[in-house]
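Dear colleague,

I am handing over the structure below, together with notes on what was found in it. Please read the notes with the model open beside you.

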Amino acid sequence: MKPEAYQVWSGAVLSQVERALDAWVPADAPANLGEVMRYGVLDGGKRLRALLVMAAAEASGALHNAPGRDAALRAASAVELIHAYSLVHDDLPCMDNDVLRRGKPTVHVRYGEAQAMLAGDAMQALAFEVLTPEDAVAADTQVAPALQARLCRLLAHAAGQAGMAGGQAIDLASVGVALDEQALRQMHRLKTGALLRASVQMGAACAGVAPGTPAWQSLTVYAEAVGLAFQIVDDVLDATQPSDTLGKTAGKDADANKPTYVSLLGLEGARAEANRLLDEALGALLASGLDPVACAPLRALAERIVHRDH
């Protein structure tokens with residue numbers, strides 16, 4: 001996909017997701033909670049997870065009909081709500097104690113720790129509310145209940161103890177610990193990779209792609225390779241770019257004596273591993289049996305993840 005075509009595609013997706021989040025994240029939640037939630041999730045971030053949902057939905061054919069499009073948009077919005085909640089909680093003093101996120105003060109710095117905790121809790125709950133509209137007709141959706149349940153299962157599994165939360169627990173327990181490459185990979189497969197994998201799988205599920213099929217297996221291999229590459233590049237950027245470029249505090253993992261791919265493999269070794277994973281991801285798409293033209297956004301996303309500079 002040429003850069004111009006990618007910009008058109010991603011711009012349309014991002015606009016659609018941003019409008020959906022703006023509509024679904026309430027401004028009138030009690031005691032200013034709505035403002036805090038909206039500060040934490042709107043108008044910021046790469047929306048990589050939402051882009052992966054929509055790219056996988058396009059590759060799988062989910063966007064060819066109204067129910068598939070609605071399911072994909074709900075899945076894209078829900079995964080961004082889960083991601084945003086995790087960042088709000090991760091930035092708290094009891095975890096990573098960060099003061100900068102997406103180029104602005106973190107939620108607890110702006111609104112206090114209690115409001116940040118509650119906003120994260122509320123966004124986590126809202127993600128599953130978005131996936132399960134109470135009245136299909138009133139909500140203007142035709143997403144089947146079975147698909148709603150499948151999407152909830154994929155997202156919950158990726159966010160919980162077997163995914164993101166479990167990875168964060170390992171991360172906090174690994175300060176000052178000399179992890180080997182296998183242990184570091186496992187931590188990031190859970191902390192970062194699980195939600196990226198779920199994003200791709202949720203997009204495929206919107207088209208009815210079943211687990212165990214060649215397309216599902218290939219998309220899962222793609223997602224796992226991209227997820228690990230994303231973290232490796234994140235570590236490289238954390239070691240080489242300033243905070244104002246990253247939009248978050250640079251060098252914080254090194255300062256906290258946390259293991260990274262750069263500390264384990266060296267800068268050039270980490271870059272080489274990211275490129276190897278890119279080749280693995282692109283090879284998985286070729287083996288998927290999906291329309292190569294429809295897979296163009298997935299290919300472009302993998303390349304941008306590895307070659308990004310912030």
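Ala31 has its place in the loop between H1 and H2, where helices (H or I, at least four residues) and strands (E, at least two) are DSSP runs numbered from the N terminus. Although Ala31 is not a glycine, its phi is positive, at about 50°. Ala31 is exposed, with a relative accessible area of 69%; here buried means under 20% relative accessible area, exposed over 50%, and partly exposed in between (1.4 Å probe, protein chains only).

Please keep in mind that this is a predicted model, in which local features need pLDDT of at least 70 and side-chain atom pairs count only at pLDDT 80 or more, while totals for chains, interfaces and linings use all residues. Residues are numbered from 1 along each chain as its sequence is written, and side-chain values use heavy atoms, with hydrogens and water left out.

Another positive phi in a residue other than glycine belongs to Arg102, near 55°. Arg102 is found in the loop between S1 and S2 and is partly exposed, with a relative accessible area of 24%. Gly103 lies in the loop between strand S1 (100-101) and strand S2 (104-105), and is exposed at 53% relative accessible area. The C-alpha atoms of Gly103 and Gly45 are separated by 9.1 Å, although these residues are 58 residues apart along the chain.

Turning to the aromatic rings, how many aromatic pairs does the model hold? The count comes to 2 aromatic pairs, by the rule that rings of Phe, Tyr and Trp (its six-membered ring) pair if their centres lie within 6.5 Å, with planes under 30 degrees apart counted as stacked, over 60 as edge-to-face and the rest as tilted. Tyr6 and Trp9 form a tilted pair, 5.9 Å centre to centre and with 40° between the planes. These two residues are 3 residues apart in helix H1 (residues 3-24), so about one helical turn separates Tyr6 from Trp9, and both Tyr6 and Trp9 are buried.

The rings of Tyr39 and Tyr111 are edge-to-face, because their planes stand at 80°, with the centres 5.3 Å apart. Since Tyr39 lies in helix H2 (residues 33-41) and Tyr111 in helix H5 (residues 107-111), the pair ties together parts that are 72 residues apart in sequence. Tyr39 and Tyr111 are both buried.

Two charges also sit over rings, meaning that NZ of Lys or CZ of Arg is within 6 Å of the ring centre and within 35 degrees of the ring normal. Lys104 lies over the face of Tyr39, 4.2 Å from the ring centre, and the charged end of Arg49 sits over the ring of Phe230, 5.8 Å from its centre.

As for contacts (heavy atoms within 4.5 Å), Ala75, Val79, Ile82 and His83 in H4 meet Leu195, Ser199 and Met202 in H9. Within H9 lies Gln201, which is buried, with a relative accessible area of 10%. Leaving aside neighbours within four places in sequence, Gln201 is in contact with Leu154, Trp216 and Thr220. Gly193 lies in helix H9 as well, and counts as buried at 8% relative accessibility.
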